[in-house]
Amino acid sequence: MGKQLVIVESPAKAKTVNKYLGPNYLVKASMGHIRNLPKKELGVDIEHDFKPDYVIIPERKETVAELQSSAKQCDSVLLAADPDREGEAICWHLSAVLEEFNQNIYRVLFHEITKGAIDEAFNNVGKLDQGKINAQQARRILDRLVGYRISPLLWDKIGRGLSAGRVQSIALRLICEREKEIRDFILEEYWSITAQLQASNPPPFAANLVKIDGKKAKVKDGKSAAEIVSELKKTPFVLEGVDVKAKKRNPFPPYITSTLQQDGFRLHRFTVRKTMSVAQKLYEGLEIGDLGLVGLVTYIRTDSVRTSEGAATQARKHIEKEYSRKYLPKKSRVYKNKRKAQDAHEAIRPTTFSLPPEEVEPYLDKDEYNLYRLIWNRFIASQMSSAQIEETEFDISASKYQLKAKGEVIKFDGFLVMYPSQKKEDKIMPKAEAGESLRLIDMESKQNFTQAPPRYTEGSLVKELEARGIGRPSTYAPIIYTLQNRVYVVKEKGKFIPTELGIFVADFLIKNFSDLMEFKFTVLLEDELDRISEGKLEWIEYLKSSYSLLEKDLENAKKVEGVKEKGIPLEDVCPQCGSQLVIKSGRYGRFRACSGYPDCKFRESMVKKEVKLLEETCPQCSSQLVVRRGRYGTFIACSNYPQCKYIKKELKDTGIRCPRDCEGTLMRRKTRKGRIFYGCSKYPECDYATWDEPLSQPCPECGREFILRKNLIKGNPVLYCSNEECSYKEEVEREKIWEKKAASSEEDEEL
C-alpha cells in the first residue's frame, strides 16, 4: 500500500495523530481554514442563488501548494478536521483545492485523540457530510450579508470603524439592556429580623421573621423594625411545626463547551478565549513524560451531555477503586440535553482514566492543570452517588408573627467527596417536638437594601446566551473579543459596561433592524441550521427568506437621518466650555469632542481610554498612573495626559551580560510597533541591540557565557554564538528548543 495523506488543522494535532499512525501515513496541517470569502468585497452573488466566491487565504497559499504537491504523490487523501460543521467545511474546502491532484478523497471522524479512537476512525473512512457543509455555508453567507450590508450603513450614518453581526449585536443588546436596568433601578430599604432561640435540647438556633398576620413580612424602616423587636421580646415563642425530611443532591452532568467556559471564568477567572485556547491544547495533545504526546480530553466544542457507555464504565471502575462501592449508583448515570443539541459529540471528558490530574501535573503548566482538573473532577463526579442530606425545618409562632428556621446535615457526601470546598458546614438543628415553648436568647434587626441586577461577566454572559439559545458556544469567544475591540463595551473588575458608543449603536440597530435584533430570530436560525444539516430544509431557500427581511430593514434604515457629521451625543459636558460632548471618528479612531467645534477645540481620544487605575504615581507630576489601550496594545502612562505625557517603559532584565563587556545586562524591550528586541541596560552609553533572544548557555566551541537563538519564520531555530569571532552555528528542532530554553533564566511569554 502506498502513502496516504492525512490532513488535520494544526501542527500540534498532526503530531499527536502521527504518533498513532504507521509509516504509510503522511500527516500534514492545513493551519485551519484555507479558503474564505474575500475581505474587501461582499463575495456573494445574491442574484444567482447566493453563490459564494471563495478565495484562498493569502497566508495559506504556500500551505495549499504544499498540500497539493503531497496529494499528487499519495494514493489517497484522508481529511481529519474536527467533527463539527466548521471542521466539515474545512474538509470541503480542502477537497475543492485537492481533487484536481487526487480523486481518492475521504473523510475521517474521531472525537478524541487516542489510539483506539484513531484506529477505529481510520478503519471506517467515509465521505463528506453535505448537510453539515450546507448548514455551515448558510451560516457563513448570512453572517457575511448581515456584516457587509449593515456595517457600511453604520459607517455612513454614525461613523467609520463600526460593525454589526448576527450574534454580536444581540450580545451587545443584552449588555446594554442590563445597564439600563441598573440605571433605572430604584434602591429600596428593608429590614430583616432574626431571633436566637433555645429549645428543650441544644444547640441554639436562628429563626427569621417571615410573616405578619399571615402575610409576607415587609419591614421598610428602622422605626418599624424597632417596634417589632420590642413587641417580640415580650411575646412567647411556640414551635408550631417540625418537618424533617431526607433530600438528595445529584451531581451535575459532565461539561459541555458553555458550562466549561462558565466554570473556567467562575473558578479561575479565565476569559472565554483563554478557556478555549487551553482546552484546545488538552484535546490536541501534550507531552506527558515517557508516554509522549497524549490527547487528554475529548473534543471540546460540544453542546451534548451524552457520555459513551465505555467511558461511563471506566469512570465507575475508577470510582470503585479510589472511593469504594458505596460511591457508585446502581447503574451508570445518563443525562438528557436540556434543549436540542448537536448530539454528534460526547460531553467533554478525560480520554483515559489512568492519568488523574495529580499524575500529569508535573508535565502541565498551571492553567492546563487547572482546566484538566476541572474536566476530570466534573466527569468523575457525574458518575458518582448522590449526596444524602437531612433537612430540618421549624415553623414558629409568636402571637401575630411567624418565624422559620432551617438546618441541614450531610449524612453521606457522595459526589461531594470530589468537591471538599462545596461541603457547607452542617447547620444542626436541635431535637424538638411540635408544641414546645422556646426560650428567646437574643433578637436583632438588620438594615438591608435591594440590589440592582449585576452587570454581565464573561461567565454570566455565556450562561445567558446559552439559556436563550443564541449562537453556539464555539462562537462566544470571538463575539466577546469583537465587542471589546470595537469599544462597544469595556471591562471593569471583570464586568462588562457598555460605552456611550455601544448604547447608541445598539439603540440604532434595535430601532432600524427589528428582525435582526429580535432574540427569536437568532434562536430560530440555530434550529434552521440543524434542519439544514439533517437535510430537512433547503439552504438556498432559507437564505432567500432571511435576506428578504434584511433588505426590507436596510431600505428603511437608509432613510434615517445620520449623526456622522454632528457626532453621537453624550450626556457629559465639555470640561473647557460646558457644551455637550459628542463622539466622532477620525483618522486614528474614535474620540470625544466638543459639540461647539470649531469655537471650542476640546477632544479626547477613545482609543487610549483608561482601562485600569494604578496605585503607582507618575514620577514627573505625581498624578496616578493608568493602564491605557493604544494602537499597539496596553501601556502604562500618566492619568494627567495631555498635560503630562509620561509613559512608563516596561523593561525586563534577562540577567545576561552584554557581549561587549560593558558591565551592562541585556534588557527585553519593545519597539513602538510592539516588536521585541534585546538591548544593553547601559544605553545610550552602550548601543548593543539584537532581535535574537539570548540564552544563558555557554557556547560549546569558545565557552562564551551565552548564545543567541535566531527566530526564523520558516524552518527550525538557529543557535549561534554571541562572540562575533566565533563561527559556532547549530540548527535545532523546534521541539528541542524547549530543552535549551529550560536552561535559561528568561521566561519568554512570546515563545
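Two strands count as paired if DSSP finds at least two bridges between them. Strands (E, at least two residues) and helices (H or I, at least four) are DSSP runs, numbered from the N terminus. On that basis, strand β7 (residues 76–79) is joined to β8 by 3 bridges, and the two run parallel. The model is predicted, so local features need pLDDT of at least 70 and side-chain atom pairs count only at pLDDT 80 or more, while totals for chains, interfaces and linings use all residues. Residues are numbered from 1 along each chain as its sequence is written, and side-chain values use heavy atoms, with hydrogens and water left out.

**Parallel sheet**

- β7 and β8 belong to an open sheet of 4 strands, ordered β2-β1-β7-β8 with parallel pairing.
- β2 (25–29) and β8 (105–107) are the edge strands; each has a single partner strand, so one side of each lacks a neighbour in the sheet.
- Neighbouring strands of this sheet are turned by 25° against each other on average, direction ignored.
- Leu 79 has Arg 107 of β8 as its bridge partner.
- Helix α2 (residues 61–73) lies across β1 (4–8), β2 and β7, and runs at about 165° to β2; axes are lines fitted to C-alpha atoms, for helices over the stretch in contact, and angles run from 0 to 180 degrees between N-to-C directions.

**Antiparallel pairings of β12**

- Strand β12 (residues 237–249) pairs with strand β15 (residues 387–398) in the antiparallel sense over 11 bridges, and Val 244 stands opposite Thr 392 in β15.
- β12 also pairs in the antiparallel sense with strand β17 (residues 437–449), over 2 bridges; the partner of Val 238 in β17 is Ser 437.

**Nonpolar cores** (sets of buried Ala, Val, Leu, Ile, Met, Phe, Trp, Tyr and Cys residues joined through side-chain atoms within 4.5 Å)

- The largest core has 68 residues, and those with the most contacts inside it are Ile 150, Leu 154, Val 505, Leu 509 and Phe 513.
- Helix α5 (residues 130–157) supplies the largest share of this core, 9 residues.
- Apart from this core lies another, of 57 residues, including Ala 14, Ala 121, Ile 288 and Leu 328.
- Beyond its neighbours within four places in sequence, Leu 509 is in contact (heavy atoms within 4.5 Å) with Ile 150, Leu 154, Ala 164, Ser 169, Ser 514 and Met 517.

**Helix α6**

- α6 (residues 168–184) is mostly covered, with 12 of its 17 residues buried, meaning under 20% relative accessible area (1.4 Å probe, protein chains only).
- Among the buried residues of α6 are Ser 169, Leu 172 and Ile 182.
- The cover over these buried residues includes α13 (458–468), α14 (473–485), β18 (489–492), β19 (495–498), α15 (500–512) and α16 (519–533).

Terms used. Buried < 20%, exposed > 50% of the residue type's maximum accessible area, 1.4 Å probe, protein only.
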